[in-house]
Amino acid sequence: MRVYTFIYIVSLILFSTIVSGQKVDPVAFFQEEGAIELQLWGHLKNIDQQKQFGIKRPGYARMVWPDGTEYKGAIEYTGRGKVRFELCDPPPLMLYFKNKNVGELSKLGKLKMVWSCQSGDYYNKVILREYLVYKMYNVLTPYSFRVRLLNVVFNDSSRDGNVVRRKGFLLEDVDDLAARHQSREYQDTVVRPMETNRQLYALMVMFQYMIGNTDWAIINYQNIKLIVADTAQRIQPVTIPYDFDNSGLVNANYAVPPETMPIDNVTERFNKGMALTLDEIQMATAVFKNKKDELMGLVESTDGLSASDRRYMNNYLYGFFEEMKDFERFSKVFLKDSKAVQSPKP
């Protein structure tokens with residue numbers, strides 16, 4: 001408890017020196033490119049214990065932009081996640097920047113921070129792959145979570161001098177995403193797939209198939225957020241996917257298919273979505289064809305990936321677009337309950 005108190009007092013002292021500074025705009029924050037160095041000070045001991053789940057801890061944050069601009073502020077944080085809460089050391093974090101709307105970082109609200117599951121170059125590359133998946137969905141539709149790449153430096157007071165350095169990214173808050181579309185998050189009732197916006201549902205399902213992800217479900221809000229327009233006369237929620245580390249395109253070493261799926265490996269593609277109409281499939285297919293070069297270009301333009309990473313991701317995406325060339329066969333995957341389709345081996 002003494003450590004917590006010390007951090008809190010230090011945070012307040014530091015925080016009091018910057019309350020008059022310019023505030024970070026969350027919209028611009030996620031529109032801009034370039035990795036931010038996020039320096040954090042806090043206490044990580046036992047944060048992965050179930051009894052500590054959701055309990056906020058006091059800390060301090062400094063963000064350094066690529067051009068050297070700095071923003072600082074007191075924060076709170078807690079461990080979060082499901083599978084990664086158990087597997088990762090430390091687990092993903094929820095960062096709370098609000099501080100009663102005072103301070104340079106306060107407008108960021110609360111943001112999920114995903115960072116490398118363990119130390120080492122391999123896990124940093126896994127994070128880059130997952131970050132790229134979010135960027136790919138941004139290419140396809142604005143109804144998607146924006147992300148900001150991070151180089152995280154966590155100064156852990158649990159052990160004197162211990163510094164955790166990881167790759168990571170911040171995920172746009174769902175309320176900010178909804179506000180961009182004059183909408184609100186919808187979680188009022190159980191929603192069936194056929195009750196959602198069908199055009200965007202078709203796009204989402206085809207995207208999940210492209211990346212080899214079956215770790216999602218609408219009916220229980222599994223790795224899916226729903227939003228509805230503020231003025232909607234008819235409730236047709238838009239489906240917005242997130243959490244892609246269990247996909248074949250990311251291919252994390254801890255990723256396994258859900259037990260209910262008839263596949264043995266996450267790299268096998270399988271469509272778990274409901275049946276689509278031929279018109280819906282054609283519209284979604286057209287979007288992917290038009291965006292193919294941009295999707296593939298993201299793999300080539302992202303710094304930090306090794307040649308083998310680029311080769312694997314390009315081959316995996318190439319397999320999807322090759323399938324699409326035989327539209328009659330490709331459409332059958334989405335017209336009715338599909339059989340597992342093995343991706344070409346990278």
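A disulfide is a pair of cysteine sulfur atoms within 2.5 Å. I began with that cut-off and applied it to this predicted model.

**Disulfide**

I found 1 disulfide in the structure. It joins Cys88 to Cys117, with the sulfurs 2.0 Å apart, which is inside the cut-off of 2.5 Å. I then looked up where the two cysteines sit in the chain. Cys88 lies in the loop between α3 (83-87) and β4 (93-96), and Cys117 lies in the loop between β5 (110-115) and α4 (121-140). The pair is 29 residues apart and links distant parts of the chain.

Which hand does the disulfide have? I read a torsion of about -95° around the S-S bond of Cys88 and Cys117, so the disulfide is left-handed.

Are the two cysteines buried or exposed? Cys88 has 3% relative accessibility and counts as buried. Cys117 has 6% and also counts as buried.

**Whole chain**

I noted 9 helices and 10 strands in the protein. Of its 346 residues, 53% count as buried. The protein exposes about 16300 Å², and carbon and sulfur atoms supply 49% of that area. I also checked the contacts with a separation of 6 or more: residues 24 or more positions apart account for 68% of them.

**Nonpolar cores**

The largest nonpolar core has 72 residues. Those with the most contacts inside it are Met136, Met206, Phe207, Met210, Phe288, Phe320 and Phe334. Helix α4 gives the largest share of this core, 12 residues.

I logged a second, separate core of 27 residues, which includes Trp65, Leu93, Trp115 and Phe154.

**A sheet of 3 strands**

I looked up an open sheet with the order β8-β9-β10 and antiparallel pairing. Which strands stand at the edges? They are β8 (183-185) and β10 (238-241); each has a single partner strand, so one side of each is left without a neighbour in the sheet. The twist averages 35° from one strand to the next.

I then took the pairing of β8 with β9 (residues 224-229), which is antiparallel and runs over 3 bridges. Within it, Ser183 stands opposite Ala229 in β9.

My last entry is helix α6 (residues 198-211), which packs on the sheet and touches β9 and β10. The direction of α6 makes about 20° with that of β10.

Conventions
Residues are numbered from 1 along each chain as its sequence is written. This is a predicted model: local features need pLDDT of at least 70, side-chain atom pairs count only at pLDDT 80 or more; totals for chains, interfaces and linings use all residues. Side-chain values use heavy atoms; hydrogens and water are left out. Helices (H or I, at least four residues) and strands (E, at least two) are DSSP runs, numbered from the N terminus. Buried means under 20% relative accessible area, exposed over 50%, partly exposed in between (1.4 Å probe, protein chains only). A nonpolar core is a set of buried Ala, Val, Leu, Ile, Met, Phe, Trp, Tyr and Cys residues joined through side-chain atoms within 4.5 Å. Contact means heavy atoms within 4.5 Å. Accessible areas come from the Shrake-Rupley method with a 1.4 Å probe; for residues, only the protein chains shown count as cover. Two strands pair if DSSP finds at least two bridges between them. Axes are lines fitted to C-alpha atoms, for helices over the stretch in contact, and angles run from 0 to 180 degrees between N-to-C directions.
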